Amino acid sequence: MTAMLLMSLPLMAYTPWKKGGFETQKYRNLFVEMGYSSDAVEAKLKEVFNDVFRGPNKCYFEVGDSMGYVSDIKNHDARTEGMSYGMMIAVQMNEKDIFDRLWRWSKKYMQHQSGSREGYFAWSCRTDGTRNAEGAASDGELYFITSLIFASNRWGNDTGINYKAEAQRILNCTMPKEYEPEQRGGWGFPQQQSGPQRMFLIDPETKLITFTPDGFGQRYTDPSYHIPAFYEVWARWADDGRSDYWNECAAKSREFLHKAINEETGLNPDMCQFDGSQMQGFGNRPNPGNNFRYDSWRVPMNITLDYEWSCADREWQQKYGETIQNFLYKQGVHDFLDQYRVDGSLPEGNEILQAGGFRKLRHSIGFVATAAAASMMCSHEKSKEFVDELWNAKHEPFEDGYFDAYYDGLLRLFAFMHLSGHYRVIFPNK
């Protein structure tokens, strides 16, 4: 009997589940399945959480008695990306004080309380709250809404913040509306038309999330903004009268990902057209946004999340997970780089996106993390090597001094949450 049990363990470890958390409210601890002890996994998760929120290289900072922010330290600002990620992590980890502090800071300094942008969030602020830009980046709203709904489900709405009402307000404000544009778009893009224009988080024709909800950026999308299961959360618990619409958005988002991702490599562009085709270049120059770069790292983890929670596109997602891991495996599990052209060749010169004053290809822990998270979808034995690579990776400065506590740190934490079964659909606490 013991021998039979031992023989069955590898098969169990590499058998993706066929039902998602919406249906089962159960989650795999893939670390444990692959041989790590439960105690070691919990200790490691706590360590990685503390690295982001409490350690010497933290990117979370408290302000006074009631507020806090997450800072992209290398860029000296706070971004809706990091603020909303921090809120999602806090509600998942039941850290109510952190969640409430981040929300209060976001609402006070980032959220527009009136005018054409009412309800939206300025995507970048200095750490004193002064806005660097007025326009929104659509992924921030995506995470703000979902984390607020989860907070409502977990803690209720009578502890000082009406989380559901805040989520509903953002949802209502992001419905298509007319506005008079400024001379330049929210991210500094030139406006292409004069006179009244429409602003929307979700493109009305394609039902796909925009790169930015106004200006030139609403004419295309970012594959890393696509998390179909978030729309299913909205459909179930936003109570905004749009359940059928949000479920349709989830289906359209899954269809889009099929088109945007290279079938041979599993790589996707940083940004693309709503039909999944590449962006136009400038003059005779190619558009470097057609390459797999920093935003793109999130796609394996986002597809993993949709698989874990919904499982609505299971067969394609499992194939995708193995495709991207097979490509990276050929590059070397310890060596694969953080930027590629979608055909798998390496970018050159100014195609390489700069970060922190460096223009360099690296084996970045943020991408190591998301590639490992994709193991949740995989049945091949290679997946354990990706998990081991993440477990053993040290988040520390490179030899040239480059270090990203913020983006690398947050993605690393998300991946540990996924692989340990701590990134879940939060149902109402009855």
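How many bridges join β2 to strand β3 (residues 77-79)? The number is 2, and the strands run antiparallel. Two strands count as paired if DSSP finds at least two bridges between them. Strands are DSSP runs (E, at least two residues), as are helices (H or I, at least four residues), and both are numbered from the N terminus.

This is a predicted model, in which local features need pLDDT of at least 70, side-chain atom pairs count only at pLDDT 80 or more, and totals for chains, interfaces and linings use all residues. Residues are numbered from 1 along each chain as its sequence is written, and side-chain values use heavy atoms, with hydrogens and water left out.

Between β2 and β3 lies a hairpin with 4 residues between the strands, where H76 takes a positive phi near 60°. D72 has D77 in β3 as its bridge partner.

Strand β2 also pairs with β1 (residues 60-63), in the antiparallel sense and over 4 bridges. Here G68 of β2 is the bridge partner of E62. This hairpin has 3 residues between the strands, and G64 takes a positive phi near 60°.

Strand β2 (residues 67-72) is largely enclosed by the rest of the structure because 6 of its 6 residues are buried. Buried means under 20% relative accessible area (1.4 Å probe, protein chains only). One side of β2 carries M67, Y69 and S71, the other G68, V70 and D72, and both faces are covered.

Helix α8 (residues 163-173) is mostly covered, with 8 of its 11 residues buried. Among them are Y163, A167, I170 and L171. The buried residues of α8 pack against α6 (96-110), α7 (138-155), β5 (177-179), α9 (228-237) and α10 (243-260), where contact means heavy atoms within 4.5 Å.

Definitions and conventions: Buried means under 20% relative accessible area, exposed over 50%, partly exposed in between (1.4 Å probe, protein chains only).
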